[in-house]
Amino acid sequence: MTDTRRRVKVYTLNEDRQWDDRGTGHVTSGYVERLKGMSLLVRAESDGSLLLESKINPNTAYQKQQDTLIVWSEAENYDLALSFQEKAGCDEIWEKICQVQGKDPSVDITQDLVDESEEERFDDMSSPGLELPSCELSRLEEIAELVASSLPSPLRREKLALALENEGYIKKLLELFHVCEDLENIEGLHHLYEIIKGIFLLNRTALFEVMFSEECIMDVIGCLEYDPSLSQPRKHREFLTKTAKFKEVIPISDPELKQKIHQTYRVQYIQDMVLPTPSVFEENMLSTLHSFIFFNKVEIVGMLQEDEKFLTDLFAQLTDEATDEEKRQELVNFLKEFCAFSQTLQPQNRDAFFKTLSSMGILPALEVILGMDDAQVRSAATDIFSYLVEYNPSMVREFVMQEAQQNDDDILLINLIIEHMICDTDPELGGAVQLMGLLRTLVDPENMLATANKTEKTEFLGFFYKHCMHVLTAPLLANTTEEKPSKEEVLGSDKNSCFCVAGALRFKRKIIGLKDEFYNRYIMKSFLFEPVVKAFLNNGSRYNLMNSAIIEMFEFIRVEDIKSLTAHVIENYWKALEDVDYVQTFKGLKLRFEQQRERQDNPKLDSMRSILRNHRYRRDARTLEDEEEMWFNTDDEDMEDGEAVVPPSDKTKNDEDIMEPISKFMERKKLKESEEKEVLLKTNLSGRQSPSFKLSLSSGTKTNLTSQSSTTNLPGSPGSPGSPGSPGSPGSVSKSTSQTAAITTKGGLVGLVDYPDDDEEDDEDEDKEETLPLSKKAKLES
């Protein structure tokens, strides 16, 4: 059996002065060579990893609190705490710390918390202890002055705390409090207020344990009622004893747990309501009070979790139809407060807490409660549900998918949430907004899990659309069965109507943005563009949010070239949209559609266009789309005998559409051929011959690019084809040389070499032509 004496939780204090749980493990002490000294080591009980390795520094101030806590500071603004499961383990480690520092283990703090000046230390050396005045009515003012004067000095605070603790002074002060109240000695009561407030600022756990004990805590609160700055005393005790009454909705059999709950509530009340708002200086002096409350809450949650009978009775009564409404409301409020307590826990503890509630059936219980008529009970149940969703939405999703296999859609937990959201009677819609946020969290794909065996996104969203979407959209569908909304107040105004429609458009735009053919087929099958086009036409010439949203949707389809939707829109709605000319979106869609039809009717032309696109060098600034169209229609410089070679089409095309651009091109081609002859004549006179290139492309064959020269050149020489800067190199084409391209089809073979036209540079390079080699001429060898 594992030794639990040394079992600890490691805590660190964060920037918000809250304790963060760093893990649970077992603590030991020993010499660590790397740190050159005795150290505290905590190894995780889960995997043995090192949670803490801290050298016991001779000058560090260690504090022992509540018999099971050891707290210290490693460095500035870095506080650590070990919370022991058993007091015996805490005492053992405390003795080791005191042994290293040469201190008596009976002390609760080993060092002064802050260094003092040499003058203060010298003054205090002569008085090893602090002598308190006798606890009498006549000396209350003197005691108050002593406490106030000790607070600025850490050493004097320590000595004052030891004196108060050793002499049982606090209980004596509280006896004087009763005397002052009986005598109505207001001056004495004012002094007692200052004394008790000062004791809180000593930040000492041992003193808190006395002050917060069952016999003392109400008297301490009584002392704090007599603030000298107020004309009348507060009535905190009356509130705690008469107004705020403790109810055991489920009997608690453990007296220690019951006492801890009472104590924590009262101490929390002191911190929040009784003590004055601390200054920046005083806030740091109340850190031990924060820690006291924090660790008390951790203990309470842990003790309740371990009491299986208590939780079983709680959930049984919650779901029992025989439970009266008042009792059920008390049970729900207790469960809500119980969940609120859990928010102070660290992730590991909170995980265990919600797992326990889940195993006890909290979600089925909430389903029963949400189906009740009591609005207050439903509101509390909604708060509890929000804790569960925020903590672990996957747990809630798994539950609702499982219950769908056994129950009808109408009584599913998530559908109850939707119904309450829709039917919220609050004019401010506070509950509806809260439920909408929870629903959004549940359907958010970003927090859904994905494992090798299961994809939560697919499973839950599929479930939601099948079992819940009809409930969510029912009010919208019911209100729009006619040409106009049956309830005008739902929309309220033309502006609100526009926003509602634009919201629906935004949703549809998101779907289209996925570019998923599954969704596109559904949109086309159900003709879901019809209401969009109707809304666009009914909007007329008004330039508003709806107008912009619709145009942007169609523009996205055009730019992204979503072929299926383009064809669907033009085939079904072009007649209605063809007159819209203040934007080019719809005409652009029509052009896209025609290009698609053209490719479908002429698949070989589409194939050839792909070849040209992939192998053509580009230098001009025209857009890709315009370049493709120009090449497709006119860029056939390779035609033999002045005739264009056009692949056969499956459908007869308009001859004028085909011949008009070709005729224009042939006129330009004749001019270029005459210029080329002049260039060839000049270059032949130079006695040089241009290398020839071969490029053969055919289906199933490999592309070959070879360079041949009639003369032999040394590698790397100025005339070598392999030299990057040589005239014959494939990488350096003379700008002044007019290029030609040849395209032929024979036996399934296609050959192509193409260089861009450089007519605009001919004039400026004319003087260099005589020194350049022959222009490269493409030759196709079959």
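Two strands are said to pair if DSSP finds at least two bridges between them, where strands (E, at least two residues) and helices (H or I, at least four residues) are DSSP runs numbered from the N terminus. The structure is a predicted model, in which local features need pLDDT of at least 70 and side-chain atom pairs count only at pLDDT 80 or more, while totals for chains, interfaces and linings use all residues. Residues are numbered from 1 along each chain as its sequence is written, and side-chain values use heavy atoms, with hydrogens and water left out.

Strand E1 (residues 7-13) pairs with strand E7 in the antiparallel sense over five bridges, and within this pairing Val10 has Leu82 of E7 as its bridge partner.

The axes of helix H5 (residues 169-183) and helix H6 (residues 186-200) come within 10 Å and cross at roughly 155°; axes are lines fitted to C-alpha atoms, for helices over the stretch in contact, and angles run from 0 to 180 degrees between N-to-C directions. H5 and H6 are therefore roughly antiparallel to each other, a label given to angles over 145 degrees. Among the residues of H5 in contact (heavy atoms within 4.5 Å) with H6 are Leu173, Phe177 and Cys180, which face a set including Leu189, Leu192 and Ile195.

How values were computed
Angles under 35 degrees count as roughly parallel, over 145 as roughly antiparallel, 65 to 115 as roughly perpendicular and the rest as oblique.
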